[in-house]
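Here is a short report on a protein model. It covers annotated residues, aromatic pairs and charges over rings.

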Amino acid sequence: MKRIAIDMDGVIADYLSKQLALFNRDHNENITVEDLKGKKLIELRPHLKDEIMNYLKEPSFFRDLEVMKDSQEVIKELSEHYEIFITTAAMEFPTSFTAKYEWLREHFSFLNDMNFVFCGDKSIINADYLIDDNVRHFKRFSGQGILFTSPHNVYETGYVRVNNWQEVRDYFLK
Ligand SMILES: [Mg+2]
């Protein structure tokens, strides 16, 4: 069986909607996903970098994120043909570990716990494919990188790109 490694944030877990809602509420702003084309929130409001990062350092931040549309159904289907690992760069926010683990147990209970990988540098991952929204993880990845579209990466070129989970399904099962 070929092995697919799948990122969490921005791929199966929608952190952006929550981060944006909290930021807009606390700073009385009305920034939309459209405003974030080609950049992250910290690049749009660099003087508020610490405040923006603090949302993600809050231990419970990741616990109630929305599941990305169709990701559960498609991953369940893929798991019949591929070995699936969820690989998340948890060392960026070590306080998020428990919330992320509980979130995976709640929403992806059909996957074995042993297939959840909380890691630092993703170049250690040995898989045939990596689905991720950050191109930096592909630089030293030996398999096929697949860029999952997120507002911040819309202008990245030169990668295999999927825009949603139905396109992931088409890529692997057609
Ligand atoms: Mg990500």
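This is a predicted model. Start with Phe93. Its relative accessibility is 10%, so Phe93 counts as buried, the cut-off being under 20%. Phe62 is buried as well, at 3% relative accessibility.

**Aromatic pairs**

The count of aromatic pairs comes to 13. One of them joins Phe62 and Phe93 in a tilted arrangement. Phe62 sits in the loop between helix 3 (49-57) and strand 3 (66-67), and Phe93 in the loop between strand 4 (83-88) and helix 5 (97-107), so the pair ties together parts that are 31 residues apart in sequence.

Phe138 and Tyr159 also form a tilted pair. Phe138 belongs to the loop between strand 6 (129-132) and strand 7 (144-148), while Tyr159 belongs to the loop between strand 7 and strand 8 (160-162), so this pair ties together parts that are 21 residues apart in sequence. Phe138 is buried at 10% relative accessibility. Tyr159 is partly exposed at 30%.

| Aromatic pair | Centre to centre | Angle between planes |
|---|---|---|
| Phe62 and Phe93 | 6.2 Å | 40 degrees |
| Phe138 and Tyr159 | 5.7 Å | 45 degrees |

Tyr82, Tyr129, Tyr171 and Phe172 form one aromatic cluster.

**Charges over rings**

Which residue lies over the face of Phe62? Lys100 does, at 4.7 Å from the ring centre. Lys18 lies over the face of Phe61, at 4.7 Å from the ring centre.

**Annotated residues**

An unreviewed UniProt entry places the feature "active site" at Asp7 and Asp9. Both Asp7 and Asp9 are included in the lining of the largest pocket.

Asp7 is in the loop between strand 1 (3-6) and strand 2 (13-14). Is Asp7 buried or exposed? Asp7 is buried, with a relative accessible area of 5%. Beyond its neighbours within four places in sequence, Asp7 is in contact with residues including Thr87, Thr88, Lys122 and Asp133. The side chains of Asp7 and Lys122 are joined by a polar contact of 3.0 Å.

Asp9 lies in the loop between strand 1 and strand 2. Its relative accessible area is 15%, so Asp9 is buried.

**A residue in helix 1**

Asn24 is part of helix 1 (residues 15-27). Asn24 counts as buried at 14% relative accessibility. Leaving aside neighbours within four places in sequence, Asn24 is in contact with Glu29, Asn30 and Ile31.

Notes
Residues numbered from 1 in each chain as written. Predicted model: local features only at pLDDT ≥ 70, side-chain atom pairs only at ≥ 80, totals over all residues. Heavy atoms only, no water. UniProt positions renumbered as here; feature names shortened; annotations may be inferred. 1 Å grid on protein atoms, 1.4 Å probe; cavity = no way out; pocket = protein on both sides within 12 Å on 5 of 7 lines; lining within 4 Å. Helix = DSSP H or I, 4+ residues; strand = E, 2+ residues; numbered from the N terminus. Buried < 20%, exposed > 50% of the residue type's maximum accessible area, 1.4 Å probe, protein only. Contact = heavy atoms within 4.5 Å. Polar contact = N/O pair within 3.5 Å; in protein donor to acceptor, adjacent residues only side chain to side chain. Phe/Tyr/Trp six-rings, centres within 6.5 Å; stacked < 30°, edge-to-face > 60°. Lys NZ or Arg CZ within 6 Å of the ring centre and 35° of its normal.
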